[in-house]
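The sequence and structure come before the details.

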Number of protein chains: 2
Amino acid sequence: MTRLRLDISMSLDGFVAGPNQSEDDPLGEGGEQLHEWILPLAVWRQSHGEEGGEVNASSAVVDESQHNLGATVMGRKMFGGGTGPWAAKDPWNGWWGENPPFHMPVFVLTHHAREPLRMEGGTTFTFVTDGIESALEQARETAGGPDVSLSGGANIAQQYLKAGLIDDIQLHLVPVLLGGGARLFDNPAGPNPGLECTRVVEAPGVTHLRYRVVR
Amino acid sequence: MTRLRLDISMSLDGFVAGPNQSEDDPLGEGGEQLHEWILPLAVWRQSHGEEGGEVNASSAVVDESQHNLGATVMGRKMFGGGTGPWAAKDPWNGWWGENPPFHMPVFVLTHHAREPLRMEGGTTFTFVTDGIESALEQARETAGGPDVSLSGGANIAQQYLKAGLIDDIQLHLVPVLLGGGARLFDNPAGPNPGLECTRVVEAPGVTHLRYRVVR
């Protein structure tokens with residue numbers, strides 16, 4: 001069975017984005033610190049079409065997180081482009097340029113219908129307006145066997161957690177305190193999943209913690 | 001210089017005690033799960049006067065956390081005994097019986113003055129009414145060289161964090177979601193410390209994360 005894998009960077013005080021998030025600043029104040037560990041890595045740069053970069057203990061973790069994936073689900077804020085209906089002219093096609101780093105079908109949860117968007121490099125954005133279960137179902141069907149990645153942001157991750165639909169959680173725990181913002185675990189008030197830590201990797205500027213949801 | 005070391009178990013969603021804490025239930029609902037990893041350990045049982053027990057990857061961490069310590073600071077709730085003035089008769093002497101597991105001077109932060117309390121096995125409780133800096137100063141003076149341990153609970157740990165007085169943080173991260181309770185990192189709104197992860201130990205039912213505060 002295809003597994004739904006949440007893979008997300010979190011501050012030591014539990015935030016996946018800093019305070020005062022906005023359309024122009026989806027990471028919030030200080031939120032860029034959550035991703036500093038990944039940016040220098042060769043494996044990351046390659047998936048973004050860049051050469052060079054470092055290899056360290058995080059490299060294998062990132063490499064693995066990109067394997068055996070057939071589709072990605074993300075929230076509308078992560079895709080970007082404002083809260084209103086999609087502009088007919090000059091439409092927003094995501095933060096990532098013409099060749100996004102996903103290279104697979106991506107299902108974007110939104111309240112506003114839009115035609116699918118085919119980008120270079122194998123990424124297609126499909127806009128899903130009928131809820132998280134539908135998005136997961138479509139992603140699973142499209143993936144056809146490999147796992148589905150849940151990319152965030154916090155709100156969508158919380159919704160999937162509350163619905164008990166996540167199978168694996170990989171937290172990239174970053175030793176900063178953001179003091180506010182979007183918490184990943186914010187009083188889930190849903191079924192409290194049993195969690196089993198299946199791997200810990202210590203790396204420069206981050207600790208990778210992998211958990212399996214036990215049902 | 002004597003260092004102030006915070007050593008505390010925390011749930012994956014950031015709580016050091018569960019919801020609905022009370023005088024009779026200081027760990028809150030589900031909070032006992034935070035400590036299940038330590039109870040079977042031989043090193044823990046020995047410090048509580050019991051024999052037998054397990055040895056696993058946590059043993060060395062617990063053993064180390066008890067070394068090079070000259071004094072302990074704790075909050076009034078952790079000591080227990082109600083919020084009112086100390087009863088003249090039948091006084092509350094802590095949760096731990098006649099021979100508490102500290103075996104060193106313990107400074108209890110409280111609003112209610114009380115004579116020091118000398119227990120068996122080297123533990124003395126001194127009640128400090130003039131604030132966290134005074135408690136730390138007294139503990140440092142008494143320790144005389146070894147470090148000072150900050151035992152919690154959450155409220156006292158937050159106060160020392162906000163005041164920028166903690167030098168080392170060891171989190172015992174437990175893979176449970178408590179969904180509510182007392183957060184260790186709850187919008188500190190103080191000086192945001194730089195943190196450097198100095199060690200990670202994976203062990204049964206817990207991940208030990210050690211951080212140094214960088215000033």
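## Strand β1 of chain B

Strand β8 (residues 168-174) of chain B runs parallel to β1(B) and is joined to it by seven bridges. Helices (H or I, at least four residues) and strands (E, at least two) are DSSP runs, numbered from the N terminus; two strands pair if DSSP finds at least two bridges between them. In β8(B), Asp168(B) is the bridge partner of Arg5(B).

β1(B) also pairs with strand β7 (residues 147-150) of chain B, in the parallel sense, over three bridges. Leu150(B) in β7(B) stands opposite Leu6(B). Strand β1 (residues 4-11) of chain B is largely enclosed by the rest of the structure, because seven of its eight residues are buried (20 or more other C-beta atoms within 10 Å of a residue's own; exposed is 12 or fewer, partly exposed in between; C-beta atoms are placed from the backbone).

## Model and numbering

The model is predicted: local features need pLDDT of at least 70 and side-chain atom pairs count only at pLDDT 80 or more, while totals for chains, interfaces and linings use all residues. Residues are numbered from 1 along each chain as its sequence is written, and chains are lettered from A and ligands numbered from 1 in the order in which they are written.

## Relation of the chains

Chain B is superposed on chain A by a rotation of 180° with 0.0 Å of shift along its axis (RMSD 0.0 Å), by least squares on the C-alpha atoms of residues with pLDDT of at least 70 in both. That is the relation of a two-fold axis. Gly14(B) comes closest to the rotation axis of the residues of chain B, at 3.3 Å (C-alpha).
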